[in-house]
Amino acid sequence: MRLVVLSDIHANLEALQAVLHDASEIAPGAQLVCLGDIVGYGADPEEAVRAVRRAGALSVLGNHEMGVNDPSSRGRFNPQAWEAVKWASSRLSAQSRAWLCELPASLSLGDCRFVHGLPPDEVDTYLFQASTGHVVRVMGEIPEDVCFVGHTHQLRLVSLRDGQLDGKRLPEGRQILEPGIRHIVNAGAVGQPRDGNPKAKYCLYDTQSRELTARFVSYDAATAARKIIDAGQPRVYAERLSAVNG
């Protein structure tokens, strides 16, 4: 089974469209999985939700969808992020809001698990916030040997070997996940990069060959940034997109 794994689209329609086009050309027919945070920060929350649904992507709940679905979660956001949640929520249709409310906290597909934050099913806990002992324990308890996560907006591969975690930045390109051990793959961010490289990122994974490919995709970031500013959103969300995109 071939998988296309997207995360942290954050209402950046231009980045999402470029990623979907890229994936359709190099992995036609692959199953799309979205790790959540479809909305928030960007100018097109409704259009991003519709595009994810049209693409037939399986999706899990991100913390921004959690905020849209449950206003009592306000205390789990910083003030600026909560304003982004409220703005996105005000621009979603009733149909899209209903779809977001049905998203599960985690998914299992073959030998892979998918969750926004931390396995097995934590939506808003960062991987780096968990102790090594906690991560080793939960990875030992879940049935899947590869877990895809998002939330940090940074590509990363963490491997569990002999009770120890070995983490490293996940570079652009292909590699084979070592068999016989467990891995956590952070799929990076489609729409709000925080890794110093403004391209849209996503991952391809072949469950049989265990080949993992990190894709970096150029897109019309200037238009996405301009739309954020025109919508009256904080400039920092636009500035993250428009520094360089070559």
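**View 1. Strand β7 sits inside its sheet.** Five of the seven residues of β7 are buried, so this strand is largely enclosed by the rest of the structure. Buried here means under 20% relative accessible area, exposed means over 50%, and partly exposed is in between, with a 1.4 Å probe and protein chains only. The model is predicted: local features need pLDDT of at least 70, side-chain atom pairs count only at pLDDT 80 or more, and totals for chains, interfaces and linings use all residues. Residues are numbered from 1 along each chain as its sequence is written, and side-chain values use heavy atoms, with hydrogens and water left out. Helices (H or I, at least four residues) and strands (E, at least two) are DSSP runs, numbered from the N terminus.

Strand β7 pairs with β10 in the antiparallel sense over six bridges; two strands count as paired if DSSP finds at least two bridges between them. Look for serine 159, whose bridge partner in β10 is histidine 183. Six bridges also join β7 to β8, and these two strands run antiparallel. There, arginine 156 has arginine 169 of β8 as its bridge partner. The hairpin of β7 and β8 has two residues between the strands, and aspartate 162 in the turn has a positive phi of about 55°.

View 2. Contact means heavy atoms within 4.5 Å.

**View 3. Strand β5 and its two partners.** In a regular strand the side chains alternate between the two faces of the sheet. In strand β5 (residues 112-115), Cys112 and Phe114 point one way, Arg113 and Val115 point the other way, and all are buried. Strand β4 (residues 106-109) pairs with β5 in the antiparallel sense over four bridges. Serine 108 stands opposite arginine 113 of β5, and serine 106 has valine 115 of β5 as its bridge partner. Two residues lie between the strands of this hairpin, where glycine 110 takes a positive phi near 60°. Strand β6 (residues 146-149) runs parallel to β5, joined by three bridges. Here cysteine 112 finds its bridge partner in valine 146 of β6.

**View 4. A second sheet and its β9 edge.** Six strands make up an open sheet in the order β3-β2-β1-β11-β12-β9, with mixed pairing. The edge strands, β3 (58-59) and β9 (173-176), each pair on one side only. Strand β9 pairs with β12 (residues 211-217) in the antiparallel sense over four bridges. Isoleucine 176 stands opposite glutamate 211 in β12. Glycine 173 is found in β9 and is partly exposed, with a relative accessible area of 25%. Leaving aside neighbours within four places in sequence, glycine 173 is in contact with Leu212, Thr213 and Ala214. Helix α1 (residues 13-26) lies across β1 (2-6), β2 (31-34), β11 (200-206) and β12, running at about 30° to β11.

**View 5. Helix α8 and its buried face.** In helix α8 (residues 235-242), the buried residues are Tyr237, Ala238 and Leu241. Seen down the axis of α8, these buried residues fall within an arc of 95°, so they line one face of the helix. That arc is taken from the directions from the helix axis to the C-beta atoms. Among the elements covering the buried residues of α8 are α4 (79-90) and α7 (221-230).

**View 6. The largest pocket.** The largest pocket has a volume of about 300 Å³. Of the 19 residues that line this pocket, the closest to its centre are Tyr41, Asn63, Asn78, Ala81 and Tyr126. The elements giving two or more residues to the lining are α3 (63-69), α4 and α8. On a 1 Å grid over the protein atoms alone, a pocket is an open set of points where a 1.4 Å probe fits, with protein on both sides within 12 Å along at least five of seven lines; lining residues have an atom within 4 Å of a point. Grid points are joined across faces, edges and corners, and a volume is the space filled by probe spheres set on the points.

Definitions and conventions: Axes fitted to C-alpha atoms, helices over the stretch in contact; angles between N-to-C directions.
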